There are 2 protein chains.
Amino acid sequence: MMLQSNITELDTFVANAVDGHKYLQKLSRHDRAELMYTIASHIEALGEELILTAQEETNLPQARLNGEKARTIHQWRLYADVTASGVLLDARIDNGEGKNDIRKYNVGLGPVVVFGASNFPFAFSTAGGDTASAIGAGCSVIYKEHSAHPRTSRIMAKAIYDALQAFGAPNSVFGYISGSSHEVGQTLVAHPNVKAVAFTGSYQGGMALFKIGANRPEPIPVFAEMGSLNPVIALPAYVIANKENFAKEYIASLTLGCGQFCTNPGLLFLVKNEDSEHLKQFLKEELAAVSVNHMLHAGIRKSYDAAIQLLNATKEATVVGQSSADSEFPSAIVYTVSAEDFVANKQLQEEVFGPCGIIVECDSINQMEETIATLGGQLTITFAATKDDVQANSSLIELVKDKCGRLLFNGMPTGVEVVYAMQHGGIFPSSTDSRFTSVGPDAMKRFLRPISFQNWPDDLLPVELQNANSTQIERIENNKRILP
Amino acid sequence: MMLQSNITELDTFVANAVDGHKYLQKLSRHDRAELMYTIASHIEALGEELILTAQEETNLPQARLNGEKARTIHQWRLYADVTASGVLLDARIDNGEGKNDIRKYNVGLGPVVVFGASNFPFAFSTAGGDTASAIGAGCSVIYKEHSAHPRTSRIMAKAIYDALQAFGAPNSVFGYISGSSHEVGQTLVAHPNVKAVAFTGSYQGGMALFKIGANRPEPIPVFAEMGSLNPVIALPAYVIANKENFAKEYIASLTLGCGQFCTNPGLLFLVKNEDSEHLKQFLKEELAAVSVNHMLHAGIRKSYDAAIQLLNATKEATVVGQSSADSEFPSAIVYTVSAEDFVANKQLQEEVFGPCGIIVECDSINQMEETIATLGGQLTITFAATKDDVQANSSLIELVKDKCGRLLFNGMPTGVEVVYAMQHGGIFPSSTDSRFTSVGPDAMKRFLRPISFQNWPDDLLPVELQNANSTQIERIENNKRILP
């Protein structure tokens, strides 16, 4: 099932995915969950080869890769649990006396194209969260390999195929497309039998796919998670009391994974005063002491160095501090700019992928609020605040709620937990549709649609909608939630 | 707050809607529900003027308008009940030991532009389902009047404004734009502070708005419900036993409201045999006896007559029967075509808005399945079938599930009940996003997005996410559904 990018073969390839989708639609949800557990076990059984290959291809350290592998396995198991529970079927029954008997639940949209991400070779690539949530929704997947880690991806793909075989499922459930051709990716998104797309990566890449999805004869949802500046807003009372710790936390988060996370805290808002000057001093000291890793690949390093050169040449930006750099490791760096300059110079608002932070110094809370009002949508926004800070600044808090998918009180935005309550999909341009998340079981909702059955005989209904509810799911029946 | 279409004033208009949205976001969900009940009561209190004006503007009979008024009031009350219940907040809490405390619920997207529909002057216009579901989701509305019933719309708008005043809410919750300018509508959809759009109407109109929504700098969801052929598939065993009754039911549904429903059963699939010939005879007799009403307005009548003229001139289509026509009333008419001709001639697959049906005669169930496979997506598909018919044709049933939002077993697709289990939003081109419905409480989901709170102090969280759950909503807490 491995295919070199050959555009003429894509029709056959998508036809296979349609078969795979039909197969998944016919599986009971417990069997679908079982298939997902089987995939999880096959990933778990992958040995050193996976980690070593990923290390070679991505420069990520072993501990991080082991953690990411565990997270990937957890995703499959959690999404399988939720698939088996039937919660995301959103089952509803209305059959009041004298009314039509109408019953609704969710089914999979159809084949989903998943694009791998450079920065998560396991958790957002071949067998990552997008693939797991599509299969959990009952949709077959066509995975388009990322050119940064093809060998890693193929090891993962083999684990999936081995799992499909062990379970007795056809290979058509999962298609794998190798090669780095953009044309192949775009042709796939435009294919009439592809019904949804998931992408994690750059704004340019995400929007190119989104436009194809929206403008094809039948528009399809393209869920693109495209990155974010993830502002941290440090409020005055908090800064007074916590500057040293905060500096440690901020620099640790900024340099985690060499800053190559979509939740990297690239902006730091401060009210300029004596305490903010002290904080800057602590940040400088932290930066001097920090060590960063290799970047993912030479291309990302080149882009990062170019962005830093540009910032160094920007007269409005002053360096607060930086870590030592050499040909192997990039320099982690923090700049400071005034709020006026930040608003005036759009270049300062561009995401720099890597360990680079910009402090936006405001004269007052009012100016901070006005400046934040000019920001585009974000995946996360973090308040470094005391409770008094929050209570004293309610209009700022309300403003910020309209700007992000996840709002943190202290702590740092890096580290996206795979739980039900996670929202990882912010306001545009951080993602293309703020109504959905790409992390957590609700990620499956992206690929589900409801279908209603009106006046069907009980025994011809899907088992989840039959009166007996023999597979024990929660439902809303005549406006009342009924638990099994 | 009534505005003549003046494109230069739209900025102020949208700025108002942003204020209205902020107001709604601050209301507790019980107060929002109270506001919706108040609007329902003000609509209920509208007297004869509403019905008489609507009758003049739309030609719809009084009984139908009274029914539609009752439905409109029911929509407000049901959506208010669901808003108050908090079910659609989809609240989730994850705070396992040693983990971050993450809590998520849904908030409104922002100002929603609603376009009125010609065929539902109450239920899908000014104070219709789109407006009720947007306000239920906590979103302000800008309503764009439909040129077919401006006076009716203004009576409804006045009821909304009176209700806002009685409740103590600002007028900015609901904006009303008069006039028939397409440019004004399009400029609104493109406005950066508009966050979603709801539309019911033609394919051309819906897709024009969808493209604007998808291609503006920040793409927004445009939910367009654009019509459908609503095939009825009459299977052989059913036809043998029920032809006379079925003919009555089909013609009654085809001519209901003069065929001007998006769920009008415009296609009838039959296997050609002696029984289908008998059925055609019964259909002919029913048509001869049926009386239809005026159409909604002269423009729709003109389009209908032109479509019939075109079909009459199409050599593949044979008239099965028709009702008498005159200058006042159109002719209800049923044609028959062969499956081959139906597939070959795309014109036969165009929706005719009005009481016109096309029988697609198939040589066999196989040919029927092949023909149905060529159809685009539909709002509804209906099986006229016995249980044996269904069991004997499982591949046809599976095929059809991929083609529609609502699947009926006998009965007719007209009559869209406003219940939780309703799915009114089919596969493209019947709607722009099959993941959502425009009828039933779930219609509110179109305008909701999740926001997560990480590690917030309990007393600074929205009340619905606090530990005490003092407002008693259902939540998923650490993967378990907890009812209040």
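This report describes the sheets and the chain interface of a predicted model.

## Basis of the model

Local features require pLDDT of at least 70 and side-chain atom pairs count only at pLDDT 80 or more, whereas totals for chains, interfaces and linings use all residues; side-chain values use heavy atoms, with hydrogens and water left out. Residues are numbered from 1 along each chain as its sequence is written, and chains are lettered from A and ligands numbered from 1 in the order in which they are written.

## Sheet from E18(A) to E11(B)

An open sheet of 12 strands with mixed pairing runs in the order E18(A)-E17(A)-E2(A)-E3(A)-E16(A)-E15(B)-E14(B)-E9(B)-E10(B)-E13(B)-E12(B)-E11(B). Strands are DSSP runs (E, at least two residues), as are helices (H or I, at least four), numbered from the N terminus; two strands pair if DSSP finds at least two bridges between them. At the edges stand E18 (480-482) of chain A and E11 (318-322) of chain B; each has a single partner strand, so one side of each is left without a neighbour in the sheet.

Within chain A, E2 (residues 92-94) and E17 (residues 475-477) pair in the parallel sense over 2 bridges, and A:Arg92 has A:Ile476 as its bridge partner. Between the chains, E16(A) pairs in the parallel sense with E15 (residues 404-409) of chain B over 3 bridges, where A:Gln454 is partnered by B:Leu408.

## Sheet from E11(A) to E18(B)

Another open sheet of 12 strands, also with mixed pairing, has the order E11(A)-E12(A)-E13(A)-E10(A)-E9(A)-E14(A)-E15(A)-E16(B)-E3(B)-E2(B)-E17(B)-E18(B). In it, E10 (residues 267-271) and E13 (residues 356-362) of chain A run parallel and are joined by 5 bridges; A:Leu270 has A:Glu361 as its bridge partner.

## Interface of chains A and B

The contact (heavy atoms within 4.5 Å) takes 71 residues from chain A and 70 residues from chain B. The buried area, meaning the accessible area (1.4 Å probe) lost on putting the two parts together and summed over both, is about 6,400 Å², of which carbon and sulfur atoms give 55%.

The rule finds 12 salt bridges across the interface, each a side-chain nitrogen of Lys or Arg within 4 Å of a carboxyl oxygen of Asp or Glu. One of them links A:Glu474 with B:Arg481, the closest N and O atoms being 2.6 Å apart. E16(A) gives the most to the side of chain A that touches chain B, with 7 residues.
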